[in-house]
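Please read the following report alongside the sequence and the model shown below.

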Amino acid sequence: MNENVRLTAWVRGRVQGVGFRWWTRATALETGGMTGYVSNLADGRVQVVAEGGRERCERLLDWLRHGDTPGRVDGVTEIWGDPRGGYDGFQIR
């Protein structure tokens with residue numbers, strides 16, 4: 001079963017000012033079937049909110065943790081929930 005879910009992930013490391021948000025959006029669009037956004041946080045982390053099929057969101061999370069990302073990822077914390085909707089595509093904020 002591939003029910004729709006909401007993934008919220010916080011990425012720590014050197015992830016601001018290195019193209020990480022652009023890379024994340026491109027990866028989400030390449031995976032397809034997801035909506036949401038990626039944004040910089042004031043504390044230096046990047047927040048990723050993705051809604052779509054669980055398998056696709058898990059693939060994005062795996063890429064955040066182990067992919068050839070710009071910068072350097074020191075860790076990723078995530079929570080899962082029910083989709084809330086209201087997103088138009090996958091955006092950089």
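In this predicted model, 8 of the 8 residues of strand β3 (residues 46–53) are buried, so the strand is largely enclosed by the rest of the structure. Buried here means under 20% relative accessible area, exposed means over 50%, and partly exposed lies in between, with a 1.4 Å probe and protein chains only. Strands (E, at least two residues) and helices (H or I, at least four) are DSSP runs numbered from the N terminus, and two strands pair if DSSP finds at least two bridges between them.

Residues are numbered from 1 along each chain as its sequence is written, and side-chain values use heavy atoms, with hydrogens and water left out. Because the model is predicted, local features need pLDDT of at least 70 and side-chain atom pairs count only at pLDDT 80 or more, whereas totals for chains, interfaces and linings use all residues.

**The sheet**

Strand β3 pairs with β1 (residues 4–14) in the antiparallel sense over 8 bridges, and within this pairing alanine 9 stands opposite valine 48 of β3. Strand β2 (residues 34–40) also runs antiparallel to β3, the two being joined by 7 bridges, with tyrosine 37 having valine 49 in β3 as its bridge partner. The hairpin of β2 and β3 has 5 residues between the strands, and there glycine 44 takes a positive phi near 100°.

The whole is an open sheet of 5 strands with mixed pairing, in the order β4-β1-β3-β2-β5. Strands β4 (72–81) and β5 (90–92) stand at the edges with a single partner strand each, so one side of each is left without a neighbour in the sheet. From one strand to the next the twist averages 15°, where axes are lines fitted to C-alpha atoms, for helices over the stretch in contact, and angles run from 0 to 180 degrees between N-to-C directions. Strands β1 and β4 run antiparallel and are joined by 9 bridges; alanine 9 has glutamate 78 as its bridge partner in β4.

**The helices**

Helix α1 (residues 20–31) packs on the sheet and touches β1, β2, β3, β4 and β5, its direction making about 175° with that of β5; contact means heavy atoms within 4.5 Å. Helix α2 (residues 54–66) lies across β1, β2, β3 and β4 and runs at about 155° to β3.

Threonine 27 is found in helix α1, and it counts as buried at 7% relative accessibility. Leaving aside residues up to four places away in sequence, threonine 27 touches Leu60 and Trp63. Its side chain reaches the backbone oxygen of tryptophan 23 at 2.8 Å.

**Salt bridges**

A search of the whole structure finds 7 salt bridges, a salt bridge being a side-chain nitrogen of Lys or Arg within 4 Å of a carboxyl oxygen of Asp or Glu. The table gives some of them.

| Pair | N to O distance |
|---|---|
| Arginine 54 and glutamate 58 | 3.7 Å |
| Glutamate 55 and arginine 59 | 3.3 Å |
| Arginine 72 and aspartate 74 | 2.8 Å |

Arginine 54 and glutamate 58 both lie in helix α2, 4 residues apart, about one turn of the helix, and Glu3 is linked with Arg54 and Glu58 in a network of salt bridges. Arginine 54 is partly exposed, with a relative accessible area of 26%, and glutamate 58 is partly exposed at 40%. Glutamate 55 and arginine 59 likewise both lie in helix α2, 4 residues apart; glutamate 55 counts as partly exposed at 49% relative accessibility, and arginine 59 is partly exposed with a relative accessible area of 33%.

Technical notes:
Polar contact = N/O pair within 3.5 Å; in protein donor to acceptor, adjacent residues only side chain to side chain.
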